[in-house]
Amino acid sequence: MQELNLPPFDYKLTQSGETIYIWDVLRRKQVVLTPEEWVRQHVVHYLINHRGYPKGLLSLERGHRYNQRQKRTDLWALGPDGTPLLLVECKRPTVPITAAVAQQAATYNQTIGAPLLLLTNGLQHFCWRVNFEQRTNEMLSEVPAYGEVVK
């Protein structure tokens, strides 16, 4: 797999036939290692090990409804009260983070209501603080640490 612009972590790979699996610490099972999953697993470990997000408050591929349709988000971080805190949209490294990707994540976030939004393809990362009342977005230089967001 491609080296990403995220800190490395100790991962466990297994192979069955032609398929390679990676151990997912959140789902507690082996999942197929795709380029997007490689990015998602790096982000999970980055949030836990470098930004202090509790593993028990992270949720992968969580479903939600938007315009009567069932959608799935890549990753949410929740606050201690269970409300969404950070919505993460992961793309594989070959997919550029474009305005269309940002629009997709912002659209999902209209129903989720997370005050932080992170878009990444593992090489480029864009993080915003969303103010729903003022309808503004503030670009951040990095993902805030959990302790900075939850006071």
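The structure, a predicted model, holds 8 salt bridges, each defined as a side-chain nitrogen of Lys or Arg within 4 Å of a carboxyl oxygen of Asp or Glu. Local features require pLDDT of at least 70 and side-chain atom pairs count only at pLDDT 80 or more, whereas totals for chains, interfaces and linings use all residues. Residues are numbered from 1 along each chain as its sequence is written, and side-chain values use heavy atoms, with hydrogens and water left out.

Arginine 27 takes part in two of the pairs described here. Its partner aspartate 24 lies with the closest N and O atoms 2.5 Å apart. Aspartate 24 is buried, at 0% relative accessible area, while arginine 27 is partly exposed at 26%; buried denotes under 20% relative accessible area, exposed over 50%, and partly exposed the range in between (1.4 Å probe, protein chains only). Glutamate 37 also bridges to arginine 27, with a closest N to O separation of 3.0 Å. This pair links distant parts of the chain, 10 residues apart: glutamate 37 belongs to helix H1 (residues 35–51) and arginine 27 to the loop between strand E2 (19–24) and strand E3 (29–32). Helices (H or I, at least four residues) and strands (E, at least two) are DSSP runs numbered from the N terminus. Glutamate 37 is buried, with a relative accessible area of 4%.

Glutamate 138 pairs with arginine 129, the closest N and O atoms being 3.7 Å apart. Glutamate 138 is partly exposed at 44% relative accessibility, as is arginine 129 at 36%. Shared partners join the salt bridges of Asp24, Arg27, Glu36, Glu37, Arg40 and Asp74 into one network.

The count of disulfides is 0, a disulfide being a pair of cysteine sulfur atoms within 2.5 Å. The sulfur of cysteine 90 is too far for a bond, because the closest cysteine sulfur, in cysteine 127, is 12 Å away. Cysteine 127 is accordingly in no disulfide. Cysteine 90 counts as buried at 0% relative accessibility, and cysteine 127 counts as buried at 3%.

The largest nonpolar core contains 28 residues; such a core is a set of buried Ala, Val, Leu, Ile, Met, Phe, Trp, Tyr and Cys residues joined through side-chain atoms within 4.5 Å. Val43, Leu47, Tyr53, Leu75 and Leu86 have the most contacts inside this core. At least two core residues come from each of H1, strand E4 (58–66), strand E5 (69–78), strand E6 (84–90) and strand E7 (116–120). H1 gives the most, with 6 residues.

Helix H2 (residues 99–112) has 14 residues and should span 20 Å at 1.5 Å a residue, which agrees with the 20 Å between its end C-alpha atoms; the expected span is 1.5 Å times one less than the number of residues. Within H2, Val101, Ala105, Thr107, Tyr108, Asn109 and Ile112 are buried.

On the surface, Tyr11, Leu13 and Ile20 form a nonpolar patch with about 260 Å² of accessible area together. Patches comprise residues with over 30% relative accessible area and no salt bridge, like charges being joined within 9 Å and nonpolar side chains (Val, Leu, Ile, Met, Phe, Trp, Tyr) within 5 Å. Tyrosine 11 is located in the segment before strand E1 (13–16) and is partly exposed at 41% relative accessibility.

Conventions
Areas by Shrake-Rupley, 256 points an atom, 1.4 Å probe, with all protein chains shown as cover.
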